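Dear colleague,

My findings follow directly after it.

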Amino acid sequence: MPRYVLHIANKNYSSWSLRAWLVMRQVLSRGDDGGGDGVPFTEKLWPMASGSMAQPRWRAFSPVAHVPCLHVFLAGEPDAAAAAPGVTATAAATAAAGSGSGSGAGAGSGNGERSSSQWEPGRGEEGEGSGAGEDGRPLVLWESLAIVEFLAEEHPAARVYPADRAARAWARSAVAEMHAGFAAVRREMGMNVGVRIALAEEAFTDALVADLRRLDELWSEGLSRFGGPFLAGAEFTAVDAFYAPVVLRLQTYVGTLDRMGEAARGYVERMLQVEGVREWVDAALKETWREPVHEAECLEGKGRTLIADLRAA
Ligand SMILES: N[C@@H](CCC(=O)N[C@@H](CS)C(=O)NCC(=O)O)C(=O)O
């Protein structure tokens, strides 16, 4: 079985990281026999450097300096991966968050920040390349959609997409719609897991209202057509992973859920109980990194009031 290193960023802010991580943590926990043995992976968390959305230093492990980025070691994971820069695994990430400066995310030692102008596959984890793949370097997947498709292909028994053909076709379309669309939700409801922001009427722009309506329509359709409790049927699959950050945003922005129908509201409640989602949220709440651009973005625009911050100080 190939070995995996998944590069992600702050659990409080990084919605795209969450999607790929949930496929690995929740969906692949069904394992290669579909029975629950799980597919192991190493998580490397790169705290966002402060003051900008762009993170050019992530070129150390990704050609586009984005997370998520999955490194696949065809011949097994070398020991060096664990000792490489970044924060490795959830437990370590939590400990590192606790010792973070609290201002200026990415400050402090051990975050692996380095200057990198030239993309060179495998450079992100020095030494990881030896014997890793067919040519000594890992396979690198740098888009969430490509990561999910690769994992679906590699682990058919884990049912990354539903077994039923109609449900699978619907799930793939909904995943692609999330990947390419919902611009207003992404722009006006930036992910910030640990805060609660009340939205007054004037905060609901036409574009946001249209996105929320479409979301309600899509979720209601999936739940009724495939019988729930998840979007494409009885099991948590990639489509649930792709909409998990939206679930967390509906929780952050108080007032948005009231605009969704009963089926969608029930789905949000169930999703918040999913083990992998809870694990992610717990870790996000323990992070002490604060990135000012992300913090400010959530409160930009009319009719927004910060009503709670549940994160560790
Ligand atoms: N289309 C990409 C989007 C990834 C993305 O934008 N990730 C954000 C973090 S949630 C990022 O890397 N931001 C850093 C930057 O834009 O420089 C995917 O689906 O993986």
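Strand E6, residues 195-199, pairs with E7 in the parallel sense, over two bridges. Within this pairing, alanine 198 has valine 254 of E7 as its bridge partner. Please bear in mind throughout that the model is predicted.

These strands belong to an open sheet of three strands, ordered E7-E6-E8, in which the pairing is mixed. Its edge strands are E7 (253-254) and E8 (304-309), each of which pairs on one side only.

I turn next to the helices. Two packed helices are described by the angle between their axes and the distance between the axes. For helix H1 (residues 15-27) and helix H4 (residues 144-154), the axes come within 10 Å and cross at roughly 5°. Because angles under 35 degrees count as roughly parallel, H1 and H4 are therefore roughly parallel to each other. The contact is formed by Trp16, Arg19, Ala20 and Val23 in H1, which meet Ser144, Ile147, Val148 and Leu151 in H4. By class, the residues of this contact divide into six nonpolar, one polar and one charged.

The ligand shell involves both helices: H1 and H4 each supply at least two residues to it. H1 gives the most, with three residues. There are 16 residues around the ligand, of which Ser14, Trp16, Ala54, His66 and Ser144 come nearest. The shell comprises eight nonpolar, seven polar and one charged residues.

Yours sincerely

Key. Residues numbered from 1 in each chain as written. Predicted model: local features only at pLDDT ≥ 70, side-chain atom pairs only at ≥ 80, totals over all residues. Axes fitted to C-alpha atoms, helices over the stretch in contact; angles between N-to-C directions. Helix = DSSP H or I, 4+ residues; strand = E, 2+ residues; numbered from the N terminus. Parallel < 35°, antiparallel > 145°, perpendicular 65-115°, else oblique. Contact = placed C-beta atoms within 7 Å. Nonpolar A, V, L, I, M, F, W, Y, C, P; charged D, E, K, R; others polar. Near = placed C-beta within 6 Å. Pairing = 2+ DSSP bridges.
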